Amino acid sequence: MLEHLIPVLAGTLAAATPLIFAGLGELVAERTGVINLGVEGMMLIGAVAGFAAAAHSGSGALAGLPAGAIGGAMAALIFAVLSLSMAANQAACGLALTIFGIGLSAFIGQHYVSYSLPGLPPLDIPGLSEIPVLGPVLFHQDAVTYLGLLSFAGVWWVLKRTRLGLILKAVGEAPDAAHAIGYPVIAIRYAATLFGGAMAGIGGAYLSTVYTPLWVQNMVAGRGWIAVALVVFAAWNPTRLLLGAWLFGGVTILQFHAQGLGIALPVQLLAALPYLATVVVLVLISRDKRLLQLNLPASLGKPWMP
Amino acid sequence: MPLLEARPTPSTSMRLLAPLIAIGLTLAVGSLLFLSLGKSPVEAFGVFFIQPLSSGNGWSELMVKAGPLILIAQGLAIGFRARIYNIGAEGQLIMGALAGGGVAIAFDGVDAWWVLPLMVIAGAIGGALWGAIPALLRTRFNAQETLTTLMLAYVATFALSYMVNGPWRDPEGMNFPQSILFGDPALFTPWFEGMRVNASLLIAAFASLAFWFFTSRSFLAYQLTVGGLAPAAARYAGFSADRTVWLSLVLSGLTAGLAGVGEVAGPVGQLNLNISPGYGFAAIIVAYLGRLNAIGIVLAGLLMALLYLGGEAAQVALQLPAAITGLFQGMLLFFLLGADVFVDYRLKPRPKPAYA
């Protein structure tokens with residue numbers, strides 16, 4: 001059993017990585033009051049930008065991830081101009097961004113269909129990767145997966161321990177008050193939205209240049225939406241987001257290990273599990289209205305103009 | 001320094017102008033795109049918008065594509081007016097197609113007039129039930145319908161994949177993921193020899209009439225809108241916010257399900273993995289572009305259908321990727337949302353310099 005379980009657990013961490021990046025980015029944006037439903041589109045644009053950069057530069061993920069971040073941030077900029085500067089409906093703008101991202105990534109990506117990249121070898125942490133069970137699960141991952149965990153630590157620290165975190169949260173809770181004491185609400189929301197876009201872009205570029213280094217149209221396959229759901233599930237708390245991402249990472253890769261684990265279910269049912277699980281966790285978390293109200297950034301989704 | 005200021009009252013003329021501005025801007029950016037790809041914009045737009053309509057078959061194809069788009073968008077608009085965002089119509093379409101297709105497969109070889117009507121009813125029920133799940137989750141457990149409808153759309157694609165790879169796979173289909181080809185009793189008869197337009201278009205036409213009547217004439221539609229915009233006010237006036245959710249999602253599921261049957265009993269003629277080229281998502285744009293108004297949606301649906309046809313024509317004539325249709329769809333929605341801002345806001349006049 002154990003020899004089957006180790007690849008499952010190790011795979012879980014890798015499968016969770018795009019969700020961690022995209023989810024953390026969306027979490028920060030939502031804490032400032034901006035709900036961007038365009039995560040799926042930003043991930044796709046990041047994925048295709050990352051793939052193109054990796055393919056043309058020959059440096060793989062090293063060029064792919066920064067390019068993905070830039071692509072995702074540019075996509076977020078369109079959303080920000082419409083929904084922050086022009087106060088357009090955030091839900092509709094996010095949806096538009098997703099539809100646009102699907103179209104744009106397919107348009108650019110058609111040059112790369114069935115083109116594959118070298119990917120990224122796992123990076124052993126000296127000493128630690130020798131530990132039985134824990135070693136191969138935790139310390140035999142690709143560099144980006146470690147980077148995802150570092151990003152979690154960074155976001156956690158900023159939100160919980162720093163003045164910047166306080167300002168971000170103040171803008172989300174009470175934009176009028178934050179404005180009155182002199183904080184540039186719109187500029188802060190721009191920054192958080194672009195950060196969200198860059199993180200979603202990195203998540204997308206991880207998928208296209210490391211996780212499955214091969215261009216497939218629409219390859220993000222709903223992970224952007226799952227990341228949005230994870231933020232709700234996490235009640236806007238980064239630690240819960242990390243746990244949620246691992247949970248979903250595990251559900252996602254179950255289909256590839258079902259045979260080894262002795263699960264005899266139709267492959268389509270296993271493939272549908274992450275989406276079904278998203279519905280289930282949304283129900284579980286949303287039914288407790290009090291918990292949701294307590295953590296929901298008070299100005300979430302509401303247009304604000306000075 | 002904010003550039004915009006709120007208008008005292010929303011501008012009605014801007015509401016009607018916004019879609020035209022959005023179309024104009026999309027064409028302008030489209031021209032730049034064509035130029036950058038080394039194509040003449042005049043030639044490209046000729047291929048996109050004129051060539052598809054230069055033959056009888058072109059008009060038939062336009063109707064074949066406009067039908068499902070209009071049908072789905074009419075249902076979605078009811079919910080969107082009440083701020084109920086069903087964005088998983090694609091899934092409800094698939095479930096309608098599965099239910100209707102299931103009837104066709106079960107009664108394969110039965111030559112009776114009732115097979116097709118039964119398929120249509122099954123499709124409507126299939127779509128409505130798939131829409132009822134997020135309604136239940138929203139009213140009972142407070143789960144946001146935006147996310148649940150979309151997640152269920154993914155689940156629906158896997159359900160379709162399971163059925164055409166498993167129980168309903170054509171035994172003589174060389175292992176392709178597809179069902180048997182439906183017999184004539186399970187198909188809408190084309191109106192004209194060699195063209196695909198058929199009576200399923202009447203369903204879209206009827207739905208458009210019904211929704212026009214419903215939204216402009218009935219008190220229930222007004223209650224729905226209030227229930228979505230101001231749940232507290234609606235409760236005070238004795239309208240139920242829950243009923244708004246249920247009606248919006250079940251109705252839009254029903255129309256999407258009907259569109260699904262229209263595809264499998266029409267142009268597709270069987271169940272396979274390509275029963276919809278994203279109609280459920282494109283219909284969201286159609287609903288907004290048509291100003292959530294029954295007549296506007298008919299016009300917007302025709303335009304979106306033309307965009308699909310143009311994309312196909314451009315693929316053949318200009319070797320442009322089919323994905324260009326999706327790119328145009330996204331741009332159109334962006335420009336529309338941008339232009340819509342000016343319904344409620346206007347540019348602030350530059351402050352006059354103050355002289356001492």
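Q: What share of chain B is buried?
A: Buried residues make up 54% of its 356 residues. Buried means under 20% relative accessible area, exposed over 50%, partly exposed in between (1.4 Å probe, protein chains only).

Q: What kind of model is this, and how are things numbered?
A: It is a predicted model: local features need pLDDT of at least 70, side-chain atom pairs count only at pLDDT 80 or more, and totals for chains, interfaces and linings use all residues. Residues are numbered from 1 along each chain as its sequence is written, chains are lettered from A and ligands numbered from 1 in the order in which they are written, and side-chain values use heavy atoms, with hydrogens and water left out.

Q: How many helices and strands in chain B?
A: Chain B has 13 helices and 2 strands. These are DSSP runs, numbered from the N terminus: H or I of at least four residues for helices, E of at least two for strands.

Q: OK, the contact with chain A. How many residues of chain B are involved?
A: 41 residues of chain B are in contact with 45 of chain A. Contact means heavy atoms within 4.5 Å.

Q: And how much area is buried there?
A: About 3,600 Å² between the two chains, 85% of it on carbon and sulfur atoms. That is the accessible area (1.4 Å probe) that two parts lose on being put together, summed over both.

Q: Which three residues of chain B supply more of its share than any other three?
A: B:L147, B:M151 and B:F334. They supply 19% of the area that chain B buries against chain A.

Q: Switching to B:A132. Where is it found?
A: B:A132 sits in helix 5 of chain B, residues 115-141.

Q: Buried or exposed?
A: B:A132 is buried, because its relative accessible area is 16%.

Q: What does B:A132 touch?
A: B:W246 and B:V250, leaving aside residues up to four places away in sequence.

Q: Now chain A. Which helix holds A:Y190?
A: Helix 9 of chain A, residues 185-211. A:Y190 counts as buried, at 17% relative accessibility.

Q: Which residues does A:Y190 touch?
A: A:L77, A:A80, A:V81, A:L84 and A:S85, again not counting residues up to four places away in sequence. A:A76 is 114 residues from A:Y190 in sequence, and the two are 8.9 Å apart in space, C-alpha to C-alpha.
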